[in-house]
Amino acid sequence: VSPPLPRAVMAEKDQYYTQKTANGSKIRERNNWLICMLYVRQEFQECLKVVEAVLRETSGMCEYAIYVKALIKRQEGQVQESLNLFQAATCLNPHNVYNLKQVGRSLYLLGKHRAANDVFEEAQKVAEDDWEIWHNKGLCHMYLRQYDEAVKCFTQANSIQRHDVTFMQLGKVYGLQEDYKSAIDVYTEALEFSPQNAELLTTLGILYLRMGENFRAFEYLGNSLTHDPKNPKTILAAGSIIQDHQDMDVALVKYRVAAFYTPNSAQLWNNIGMCFFGKQKFVAAIACLKRALYLDPFEWIISYNLGLAHLNTGQYASAFHYFSASINLKPDFPSSYMYLAITLSRLDDFANACSAYEKAVDYESDPHFHLNFAITLFNHGDLKEAQRQFLMFDDLWAAMDEEQRNADQEVVEARNLLAKLLGGYGQG
């Protein structure tokens, strides 16, 4: 609840529009203090009433009133109207860099990044060493996919005045360029400047997670949770690491906390579904995954996971549907083709199953692809091709170390059985 205005202020608020100087001339700026106070206290409707009265009084010539009205309109989501107002303020005072920056910001929010960048360049003629202008230019270049220019702008902004938000955007640009080492260097430097920033810690943890360094990722995510224990993004990332280590119950406890704050997160429900999948609770898994798909129908991994769940429950037509959807959304993920091939073989579509296996092998020569292909060929009586695929599998298998070979006992058993059935190939 906002504190009440002092009595003197209330009287001023009711009577300000009748006040004049001794000679009868109006002073345009005399009520700027009241506009500013109401805006800062977020009493936007009262502020707009004062602004409108001032603009009537001054025939629309009060720059500050127009500026504050534009800020309020933008906060209300009326970005185009705010742009018109900022442009009007700029016409009144073309050398005010704040007006120019806000015109550029509104253009940026409208998605007119090239026009916004032009305005920021005009603003730089007035204030060359303004970190905010360099930062906003970097944002425009980033969305225009001019990543090298974006890096230069963000670096220049940091050289003038360091801010967490600039470090975050600079790291994001490096991430878009898949230069993860440079991104890590940027975030690490940012942590030296702001060591307790939970968002920086989370972003760095997720970056390490993406690079497969789970131990370091968990370290940073744990530090982030120390500063912000209720951050759903951090909880989701930490839970995924726990889930990868097959500790499904602990991961579910973490996800329960995240679900309270972000109940409509597709990624969260996808992970919850796969926890239940790991616990062999397929009905619960499918229910959670379908909720995730409802929240984000174009996320390929959700369709892929639904395909796995239906394949494991013997619902091959549904599995085919979801694997096909996953491939349409992400056609360069080879495992989708392998599982689609398994599904098609269960549906007795041997020709298309072989085509799907060949597509998977074209993308990646994975030993599991060749083993499953050999099993399918053997089951359909094509022993010669099955032997060829098994030998290719066995060559890849022999190149693996002992730990990798024994990681999945089901694969070991399938290999030994198929070798025996094919006449002892690969027994050595």
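By the rule used here, the count comes to 14 salt bridges, where a salt bridge is a side-chain nitrogen of Lys or Arg within 4 Å of a carboxyl oxygen of Asp or Glu. This is a predicted model, in which local features need pLDDT of at least 70 and side-chain atom pairs count only at pLDDT 80 or more, while totals for chains, interfaces and linings use all residues. Residues are numbered from 1 along each chain as its sequence is written, and side-chain values use heavy atoms, with hydrogens and water left out.

**View 1. The whole protein chain, for orientation.** The protein chain has 25 helices and zero strands; helices (H or I, at least four residues) and strands (E, at least two) are DSSP runs, numbered from the N terminus. Its radius of gyration is 31 Å, well over the 22 Å that the globule rule gives for 428 residues, so the chain is more spread out than a compact globule. Here the radius is taken over C-alpha atoms, and the globule rule is 2.2 Å times the number of residues to the power 0.38. Along its principal axes, the C-alpha trace spans about 110 × 40 × 40 Å. Buried residues make up 47% of the 428; buried means under 20% relative accessible area, exposed over 50%, and partly exposed in between (1.4 Å probe, protein chains only). Of the contacts with a separation of 6 or more, 46% are between residues 24 or more positions apart, a contact being heavy atoms within 4.5 Å.

**View 2. The salt bridge between Glu43 and Arg41.** Let's start with a pair out of the solvent's reach by the cut-off: are Glu43 and Arg41 buried or exposed? Both residues are buried. Their side chains meet in a salt bridge, with N to O at 3.0 Å. Side chains of opposite charge can pair when their charged atoms come close.

View 3. Lys181 and Asp185 both lie in helix H11 (residues 180–193), four residues apart, about one turn of the helix. Their side chains form a salt bridge at 3.6 Å, N to O. Lys181 counts as exposed at 61% relative accessibility, while Asp185 is partly exposed at 43%.

View 4. The side chains of Lys279 and Asp249 meet at 2.7 Å, N to O, in a salt bridge. This pair links distant parts of the chain, 30 residues apart: Lys279 sits in the loop between helix H16 (266–278) and helix H17 (282–295), and Asp249 in helix H15 (residues 248–261). Lys279 is partly exposed, with a relative accessible area of 28%, and Asp249 is partly exposed at 48%. Elsewhere, salt bridges that share partners join Lys101, Asp130 and Glu132 into one network.

**View 5. Two loop residues with positive phi.** Most residues other than glycine have a negative phi. Ser59 has a positive phi of about 60° although it is not a glycine. You will find Ser59 in the loop between helix H3 (44–57) and helix H4 (63–75), where it counts as exposed at 64% relative accessibility. Arg145, also not a glycine, has a positive phi of about 65°. Its place is the loop between helix H8 (131–143) and helix H9 (147–160), and Arg145 is exposed, at 66%.

View 6. His135 is found in helix H8 and is buried, with a relative accessible area of 7%. Which residues does His135 contact, leaving aside neighbours within four places in sequence? They are Phe154, Ala157, Val165, Thr166 and Gln169. The C-alpha atoms of His135 and His163 are separated by 9.7 Å, with the two histidines 28 residues apart along the chain.

View 7. Thr90 lies in helix H5 (residues 79–92) and is buried, with a relative accessible area of 13%. Neighbours within four places aside, Thr90 is in contact with Asn99, Leu100 and Val103. Thr203 belongs to helix H12 (residues 198–210) and counts as buried at 13% relative accessibility. Not counting residues up to four places away in sequence, Thr203 touches Met168 and Tyr187.
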